[in-house]
Every structure is written in structure tokens, then in C-alpha cells.
Amino acid sequence: MRLSRSLLPTLKETPAEAQIVSHRLMLRAGLVRQTAAGIYAWLPAGWRVLRNISEIVRQEQDAAGAQELLMPTLQSADLWRTSGRYDAYGPEMLRLKDRHERDLLYGPTNEEMITDLLRQSVSSYRQLPQILYHIQWKFRDEIRPRFGVMRGREFLMKDGYSFDLDYAGAVLSYRRMMLSYMRTFQRLGVKAIPMVADTGPIGGDLSHEFIILAPTGESQVFYDADFEGIDYSSDEFDMADEANLVRFYERMTTQYAATDDKHDETAWAAVPPERRREGRGIEIGHIFYFGTKYSDALGLQVSGPDGNRVSPEMGSYGIGVSRMVGALIEAHHDDAGIIWPDSVAPFRAAILNLKQGDPATDAVCERLYAAIPGDALYDDRPERAGAKFADADLMGHPWQVIVGPRGAAAGTVELKCRATGERQELSAESALAQITQ
RNA sequence: CGGAGUGUGGCGCAGCCUGGUAGCGCACUUGCUUCGGGAGCAAGGGGCCGGAGGUUCGAAUCCUCUCACUCCGACCA
């Protein structure tokens with residue numbers, strides 16, 4: 001993308017409303033603009049990030065055997081009345097009426113709808129298990145939206161739902177999803193820790209929150225260093241192998257990990273001192289098992305092997321996709337701006353043309369730009385070098401290729417790595433090789 | 001919802017107390033000079049001051065109502 005022709009409005013000054021660092025940087029880097037309290041428009045660069053995250057989530061869900069579908073944002077109130085949540089959900093649910101005075105709602109989640117869909121199309125245990133997910137906009141009318149996209153009212157969420165014949169199957173789905181989540185977060189370039197969460201009226205221990213570590217996170221977290229350095233993509237955690245899944249789950253749930261409100265000093269003291277880690281964290285995902293709550297309420301039953309009708313055991317699995325953008329920035333930034341992990345960066349590299357109009361410089365830039373199709377941001381604006389450097393740092397591209405007349409004459413460019421700050425002088429071809437590696 | 005604030009060109013702000021020609025910095029346009037870490041000079045363009053009502057000869061400024069947004073608290077992917 002040529003910056004001169006892009007809607008990528010960077011700001012030198014921080015808009016007054018932004019308090020936390022990710023919000024400030026998202027506004028300054030031209031990723032989003034607020035349109036109402038807790039509601040954001042995603043500008044081109046921000047949308048690219050959101051798509052990149054969604055795509056990784058999607059690939060990992062698919063790899064775990066989940067199937068993608070897409071349910072609507074608007075739902076009829078009927079199913080929610082049936083499940084009892086129309087009244088229970090309270091004012092956080094946005095309710096509206098259509099022209100015929102029918103009650104609708106903007107979905108805050110989709111348990112009712114997905115259960116109803118399964119009820120219409122599944123009738124035998126042979127059709128189970130099923131895990132279905134979608135990545136769709138949600139609306140929750142938060143009492144107080146804040147922290148930019150981290151606590152918006154309209155937000156993009158991946159929500160998945162599992163249906164199993166029995167409890168053992170549900171546990172298997174749950175574990176599979178947990179592994180899928182750890183792989184997802186690993187690919188997104190963040191350290192994530194699963195922590196036991198409240199299960200509410202369902203009981204049991206099958207509910208986990210996923211906290212990603214960021215120095216500016218909302219809550220203090222305590223965890224065993226054993227969580228660090230695990231490669232979740234290794235064969236050790238092959239999903240097809242149930243024994244592997246069990247071992248994985250054991251490892252995730254036996255090591256100490258807790259947020260400050262659940263911190264247990266006694267258990268903490270049992271962790272060897274050299275393995276104790278403390279940090280700040282942001283909740284980015286939540287998974288839980290809830291048995292037959294919705295299948296019972298909405299009448300989803302299948303015929304079992306013995307001919308009797310059985311209510312499938314369900315679980316649900318959420319990742320805050322739009323929140324992840326803010327959380328990633330909280331985890332990866334410095335004074336100059338964002339430092340994107342490679343996997344989600346809106347542009348893998350920026351090409352900075354330091355002397356627009358200089359034939360040799362322009363030629364090198366154009367050549368580089370053509371060689372990184374669709375993946376580079378070419379700063380071809382008439383701005384001076386300082387502004388280009390500052391904007392490139394702000395926007396956080398993993399690589400910056402700095403092309404000036406001096407280098408162009410000598411046949412070299414400067415390659416800067418945003419994460420390390422390291423710069424090297426090398427040929428355009430070598431720079432290209434590093435970027436596209 | 002309770003408490004505290006803020007609304008003035010795209011962004012950041014001053015002006016309001018004590019009514020009298022709407023200002024500053026950045027950004028934008030044009031020209032010249034510059035050009036390797038947010039340039040200089042000159043000349044320009046853009047806002048009826050969130051909205052409605054009121055007081056007044058006269059309202060960004062005073063009064064009433066209203067809308068929006070932000071921050072603190074309870075709630076949350």
C-alpha cells in the first residue's frame with residue numbers, strides 16, 4: 001500500500017479521551033476511530049490486524065476440528081425467553097423492536113441460537129461430537145466502556161460451542177479447545193496462562209480464563225515458570241492422541257497460576273522460589289463446560305446407541321478478537337509506538353523513501369515495493385525523513401527498509417528491525433530476503 | 001446508576017470568572033529555500049463556539065433544559 005494514497009491518519013498528539021497506552025497508540029497509529037462510547041470504526045490498518053488475528057484463530061480452530069459458520073448479530077427474543085435468559089441477562093443486553101413490534105436483540109453471545117440450530121439438524125448420537133464456532137460482532141451494553149477496544153460495547157469475538165454425547169466427550173472437547181487456545185496465543189506472539197475460573201451454578205472445575213501477560217495489564221498474576229517455554233505446536237501435544245491431551249491438560253492445571261483475587265499464599269509458597277513468576281495480565285479468552293443447561297432448556301436431544309433420547313453435553317469457548325488487538329499492543333510497545341509480532345502486523349515491512357523524486361532512490365523503492373506484493377507499506381509521501389521514521393516506529397512494522405540517495409548511489413539500503421532496533425546496511429536484495437524469510 | 005469533569009476548525013488547547021470584531025500550536029493549501037530522525041520564511045483556506053430555549057442593545061462567555069463524551073466506583077470477552 002502506498003502511504004500517499006492510504007487512509008492511514010497518524011497523529012502526532014494524543015487525543016484527550018485515550019488513557020491507556022494501547023488506546024493512545026491505536027488512535028495515533030490510525031488503526032481505529034471512536035464513533036460512540038465503546039464503539040469503534042476500524043480503519044484500513046486496524047482492520048488488517050483484526051483480519052490477521054481472526055485468520056490465526058480460524059486456522060487453529062479448524063485444526064482442532066471445529067467448523068466455522070456464521071450466525072447473525074440480530075436475534076429473536078423468543079429463544080432467549082425459552083432459555084430464561086431474556087430476563088436474566090439484564091440491561092447489558094441491547095434490545096430493540098422491528099417495525100412489527102417484535103422483540104429482537106443484538107446478540108451478546110450465541111448459546112441459544114447454536115443450540116437451536118443443532119436441534120433442527122442433529123438427531124442421532126452418530127452426528128456427535130460437533131464443535132462449531134463463528135467470528136462475529138457482539139454487543140454488550142457495558143455499564144462503563146473504557147480502555148479503548150479492550151472494553152468496548154461492540155466487539156469482535158470468536159465464540160465456539162461443543163456438543164458431545166456424554167461428559168467424557170465434553171471433557172475431551174474442552175481439553176482440545178484449551179490446547180487450540182494455547183497454540184493460537186503462541187502464534188499471536190503472546191504468553192498466555194490458563195487459570196481456573198469461577199464456574200457459577202454449574203460447578204466443577206471446567207472453566208478457565210486465559211490471561212496474557214502485559215506489563216500494563218489490569219490484574220496481578222502469579223504463575224509457575226513452567227508455563228514459559230512450552231512449545232504448544234510440538235508433536236508432544238498432538239491433538240489426535242487422547243493420551244497426549246490428558247498429559248497436556250494435567251500440565252496446564254497442576255502448575256500454580258492465579259490472579260490476585262484468587263491468589264493462595266500457601267500454594268504459592270509450595271512453588272520453588274526460582275520458578276515463581278509475577279506479572280500483570282489481561283483476560284483474553286474464557287472456556288467453560290456447562291453440561292446440558294442449554295440442550296435441556298431448548299429441547300436439543302439425540303437418540304443414543306441404546307435408543308434412548310439424550311441431551312448433549314455442551315461447552316463454550318470464547319476469544320476476544322478485537323480486545324486482542326489492544327492486548328497485543330499492551331504487551332508489545334515502547335515509547336516510540338507499537339511493536340507488532342510478525343504474525344499480526346498490518347504490514348510486514350515499511351519502505352521509507354527518504355528522497356521522493358530522486359530517480360535512483362525512487363527506483364530502488366519501487367523495485368522493493370513490487371517485490372513484497374500486498375505486504376509492504378510504501379511511505380512515498382513528500383514528508384521529510386524525520387516524520388517518516390517517527391510514523392514507521394509508531395505503526396510498528398516488524399521491518400523498516402530505509403532508502404535514501406546515499407545508499408541508492410552505493411547500491412545499499414538500511415534495514416531496521418523494529419523489535420530489536422538493530423540496523424544494518426545491505427543490498428536491496430539481501431534486505432528483501434530477510435523480510436520475506 | 002452514583003460521584004467528578006469536558007464539549008471552541010482534522011488533533012491538542014486558550015478565551016468564559018469580569019458579555020462587545022473567535023484566537024494559538026500542530027495539520028492543510030500555494031510559493032521559495034531546505035531535505036539521512038517530526039525544517040525555515042512568506043502568503044492563504046477552514047470554526048457561526050455540542051443542541052434548544054431564555055436574559056440582554058449585544059452571548060463562546062450569564063441562566064434553564066437537553067445531548068454527547070471522558071474519568072472514579074459496582075459489572076465484564
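Let's start with how the pieces get their names: helices (H or I, at least four residues) and strands (E, at least two) are DSSP runs, numbered from the N terminus. What you're looking at is a predicted model, where local features need pLDDT of at least 70, side-chain atom pairs count only at pLDDT 80 or more, and totals for chains, interfaces and linings use all residues. Residues are numbered from 1 along each chain as its sequence is written, while chains are lettered from A and ligands numbered from 1 in the order in which they are written.

A cis peptide bond, with omega about -5°, links leucine 128 to proline 129. Why stop here? Because most residues other than glycine have a negative phi, and most peptide bonds are trans.

Glutamate 101 has a positive phi, near 65°, and isn't a glycine. You'll spot glutamate 101 in the loop between β5 (94–97) and β6 (103–106). Phenylalanine 147, also not a glycine, has a positive phi near 60°, and its place is in the loop between β7 and β8. Which of them is buried and which exposed? For this, C-beta atoms are placed from the backbone, and a residue is buried if 20 or more other C-beta atoms lie within 10 Å of its own, exposed if 12 or fewer, and partly exposed in between. Glutamate 101 has 6 other C-beta atoms within 10 Å, so it counts as exposed. Phenylalanine 147 has 20 such atoms within 10 Å, so it counts as buried.

The strands on either side of glutamate 101's loop, β5 and β6, also belong to a sheet. Three strands make up this open sheet, in the order β4-β6-β5, with antiparallel pairing; two strands pair if DSSP finds at least two bridges between them. β4 (74–76) and β5 sit at the edges with a single partner strand each, so one side of each has no neighbour in the sheet. From one strand to the next, the twist averages 35°. Four bridges hold the antiparallel pair β5 and β6, and lysine 97 has aspartate 103 in β6 as its bridge partner.

Further along, strand β11 (residues 219–224) has antiparallel pairings too. Six bridges connect β11 with β13, where glutamate 278 is the bridge partner of phenylalanine 222. Three bridges connect β11 with strand β12 (residues 257–259), again antiparallel, and there valine 221 stands opposite threonine 259.

Now for a pair of helices. The axes of helix α6 (residues 167–187) and helix α7 (residues 242–254) come within 10 Å and cross at roughly 70°. Axes here are lines fitted to C-alpha atoms, for helices over the stretch in contact, and angles run from 0 to 180 degrees between N-to-C directions. That makes α6 and α7 roughly perpendicular, a word used for 65 to 115 degrees.

Finally, turn to RNA strand B. A residue is near it if its C-beta atom, placed from the backbone, lies within 6 Å. Of the 45 residues around RNA strand B, Gly320, Gly386, Phe389, Gly404 and Arg406 come nearest. Several elements supply at least two residues each to this surface, including β13 (276–291) and α12 (385–395). Which element gives the most? That's α12, with eight residues.

Note on methods:
Angles under 35 degrees count as roughly parallel, over 145 as roughly antiparallel, 65 to 115 as roughly perpendicular and the rest as oblique.
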